[in-house]
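Here's a quick tour of what sits inside this protein. Have the structure open while you read.

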Amino acid sequence: MPRQRVRREVDLATGEVFEVQTSAEFWLPEGYRLRADTRRGGPEARVEFSVPRMLHGDNRLPASPEDVVRVVQKVHSDLSNRLTWMCPAEDLEVVRVDLARDFEAVDGAAALLRDLFDERGLRSGNVAYGAPSGGVQTLERPTTRWRGRLYDRHAHYMHKARGQARDEMLALAAADRGVVRFELELKGEEARRRGIDRVTDLLTAPLRAVAEEYFYGRCRFGRVVAGPRLQLQAGLDALLAAKLKGKTTAIIGQLLLDAYGFEPTAHAKTADEYRGHATRAGLTPGDLLRADRRAVRLDFARGTVVPVPSG
């Protein structure tokens with residue numbers, strides 16, 4: 001395999017330096033990555049690929065368990081002239097599985113994710129990646145065995161809308177406006193704890209129930225958050241107190257444009273300046289949309305945001 005990794009070690013008795021091969025990988029012409037290593041004590045090989053990308057060209061639409069099994073069988077067949085398989089496709093071991101759930105009609109996703117960042121997962125990290133217009137675009141709860149991620153699909157594609165892919169990414173962003181995706185990545189050991197060991201287990205394991213359990217219990221993404229009027233009032237007070245030489249109206253205008261997905265009317269540098277002032281005041285575009293909304297939460301079963309009755 002052309003790409004190999006080695007580790008240098010020294011024999012303390014003789015001073016001899018020698019190399020130990022740790023892994024090797026190769027991108028096959030069919031588009032799969034073949035990797036070999038000894039991480040678990042003996043030589044192993046794994047084939048890595050994205051089932052949704054093979055089916056649709058991107059990961060916008062998740063694959064069903066039946067799709068996964070069918071694609072694995074195809075990969076197994078495609079590579080049978082290059083590899084000597086030790087088992088049928090259905091018995092291949094799963095070393096990682098990603099489960100996804102989309103939430104639709106989510107207004108003010110950046111502000112919602114910002115509020116959820118103030119919560120904490122169960123024995124996990126808490127990482128946020130900011131949205132260009134303020135707030136949070138991606139929220140992660142990582143551990144060594146699993147990772148939960150919640151992110152704004154519209155902002156995700158808008159961030160990638162540049163160069164030759166600009167028109168394609170803008171079209172995808174428009175299609176996913178208001179969509180927030182939950183992704184759960186289970187690594188091998190954690191997947192086995194949930195009954196997912198071999199490829200064929202994907203057809204019988206309660207995948208939806210597993211994803212829902214982590215969403216609520218581990219990641220705590222279903223916690224109640226609010227878009228209170230007080231947040232908007234505090235932000236406006238901060239802008240007025242900053243005495244920004246008459247720019248307050250323009251800053252609010254830019255927030256409204258961002259909230260509804262319109263292109264800036266000001267120069268890009270000026271628009272970024274307005275967004276910066278808003279961020280420092282603690283305001284996001286979502287705050288304008290959610291100013292009078294009651295407390296809300298993401299509902300896994302319904303796949304959307306639902307209001308929470310007071311009291």
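## Around F182

F182 touches L99, A100, R101, F103, G148, R149, L150, A211, F215, C219, F221 and F300, leaving aside residues up to four places away in sequence; contact here means heavy atoms within 4.5 Å. This is a predicted model, where local features need pLDDT of at least 70, side-chain atom pairs count only at pLDDT 80 or more, and totals for chains, interfaces and linings use all residues. Residues are numbered from 1 along each chain as its sequence is written, and side-chain values use heavy atoms, with hydrogens and water left out.

F182 is also, with L150 and L298, one of the residues touching the most other members of the largest nonpolar core, which has 46 residues. Such a core is a set of buried Ala, Val, Leu, Ile, Met, Phe, Trp, Tyr and Cys residues joined through side-chain atoms within 4.5 Å. Buried means under 20% relative accessible area, exposed over 50%, partly exposed in between (1.4 Å probe, protein chains only). Elements that each supply at least two residues of this core include α2 (65-78), β5 (96-103) and β9 (180-187). Helices (H or I, at least four residues) and strands (E, at least two) are DSSP runs, numbered from the N terminus. A second, separate core of 10 residues includes L239, L244, I252 and A278.

Now for β5, whose side chains alternate:

| Face of β5 | Residues |
|---|---|
| One face, buried | V97, L99, R101, F103 |

β5 pairs with β9 in the antiparallel sense over eight bridges (pairing takes at least two DSSP bridges), and L99 stands opposite L184 in β9.
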